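Colleague: I'd like to learn how to read this kind of model. Could you take me through it feature by feature?

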Amino acid sequence: MKKKEIVLTGDRPTGPLHLGHYVGSLANRLELQEKYQQYVMIADVQALTDNFENPEKIRKNVLEVGLDYLAIGLDPQKTTFFIQSMIPQIAELTVLYLNLVTVSRLERNPTVKTEIKDRKFERSLPAGFLMYPVSQAADITVVQGTLVPVGEDQLPMIEQTNEIVRSFNRIYKCDVLKEAKALISNVPRLPGTDGTKMSKSAGNAIALGASPDEIKKMVMSMYTDPDHLRVEDPGKVEGNVVFTYLDLFDPDKTEVQRLKEQYRAGGLGDVKLKRRLIDLLDAFIAPIRERREQLAKDPNYVMNVLLQGTQKTLHVAEQTMYDVRKAMLLDYK
Ligand code: TRP
């Protein structure tokens, strides 16, 4: 028997998923699907808020992300996948929730604030981008999600969702909407190969479908210790990306400990360490890549999995919408 909480999470389909996603959220979803009813949403509408001029990119990556989900072992029997834009109730809820949120509250959302700065929108900030946290509240509440596994950066979204939930229930004197709890993973974020935040656009990400050559190239370019010039020099372990990865992917913890000591003392070269990491990552990625290649031969199958999950989600969404309409006296018939 699964626990009664409902898990809802999702990703923007702006590129294939990478190791950072695996460590930060996908691994966790593999466990959650065993314990809970889990929905995983492909957030194509949210991805369009800053890619609306590039619909081909989003369209293509819906399939890529679907492939990634199945390749890592998310099981359509246990996890319900759905495509955000195919659930019209999310759009309906968004419109209704927008009245419960002020523009200044949206402008204060720290994650959105940072994203707006990063994207240098200035005066051309799309209204849809500013209000996407409201749409995210709709994503969560449309399936009555109560547990939302996300990274730290998404905490402000859950907070805003719960503000909307409370306002809604108070104003419309009901308990139709449920508050959601964020489930923050305690694994530290996996840095990109250059030591900064891993992202496809930064070119520092190792894709889940990476070929052996790509893995090799990425690891060989990893940031280590810029002052570690000769093998015999003492080196720094802290902030050294290769060690960060070894800490996560090397099952032999005693050996990693020994390597760290040797590196600190001097006498251990970067290349030797990197070779070790290449082998480990190859072993980790190979089965995912093989499944991914297999599945990619049958894109219709992957699309069907997403569409079937979407059908299932539509039923739940209709029920939520029925209750919401009733609470807001919009049940005209
Ligand atoms: N904002 C999330 C991200 O950028 C993606 C997302 C959209 C999401 N809707 C969601 C995550 C609902 C959790 C719940 O990664």
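Colleague: Is Ala283 buried or exposed?

Modeller: Buried means under 20% relative accessible area, exposed over 50%, and partly exposed in between, with a 1.4 Å probe and protein chains only. Ala283 has a relative accessible area of 54%, so Ala283 is exposed. Ala283 lies in helix H13; helices (H or I, at least four residues) and strands (E, at least two) are DSSP runs, numbered from the N terminus. Ala283 and Gln308 are 25 residues apart in sequence, and their C-alpha atoms are 32 Å apart in space.

Colleague: What should I keep in mind about the model itself?

Modeller: This is a predicted model, in which local features need pLDDT of at least 70 and side-chain atom pairs count only at pLDDT 80 or more, while totals for chains, interfaces and linings use all residues. Residues are numbered from 1 along each chain as its sequence is written, and side-chain values use heavy atoms, with hydrogens and water left out.

Colleague: Into which domains is the protein divided?

Modeller: Domain bounds come from an automatic or database domain assignment. Here they give domain 1 (6-191 + 298-327) and domain 2 (212-293). The centres of the two domains, taken over C-alpha atoms, are separated by 34 Å. Domain 1 brings 14 residues to the contact and domain 2 brings 11 residues, where contact means heavy atoms within 4.5 Å.

Colleague: How many residues does the largest nonpolar core have, and where does it lie?

Modeller: In soluble globular proteins, nonpolar side chains tend to be buried together. A nonpolar core is a set of buried Ala, Val, Leu, Ile, Met, Phe, Trp, Tyr and Cys residues joined through side-chain atoms within 4.5 Å. The largest one has 50 residues, and Leu19, Tyr69, Ile206, Tyr245 and Leu281 have the most contacts inside it. Helix H13 (residues 270-296) gives the most to this core, with 8 residues. Domain 1 and domain 2 both give residues to the core, so it lies between them. Beyond four places in sequence, Tyr245 touches several residues, among them Leu19, Ile206, Met222 and Leu281. A second, separate core of 43 residues includes Met41, Leu93, Leu130 and Ala317.

Colleague: Which residues are around the ligand?

Modeller: A residue is near a molecule or strand if one of its heavy atoms lies within 4 Å of it. The residues around the ligand include Leu8, Thr9, Gly10, Met41, Ala43 and Val148. For polar contacts, look for a pair of N or O atoms within 3.5 Å; within protein, one must be able to donate a hydrogen and the other to accept it, and residues adjacent in sequence count only if both atoms are side-chain atoms. A polar side-chain atom of Arg12 lies 3.2 Å from an oxygen atom of the ligand.
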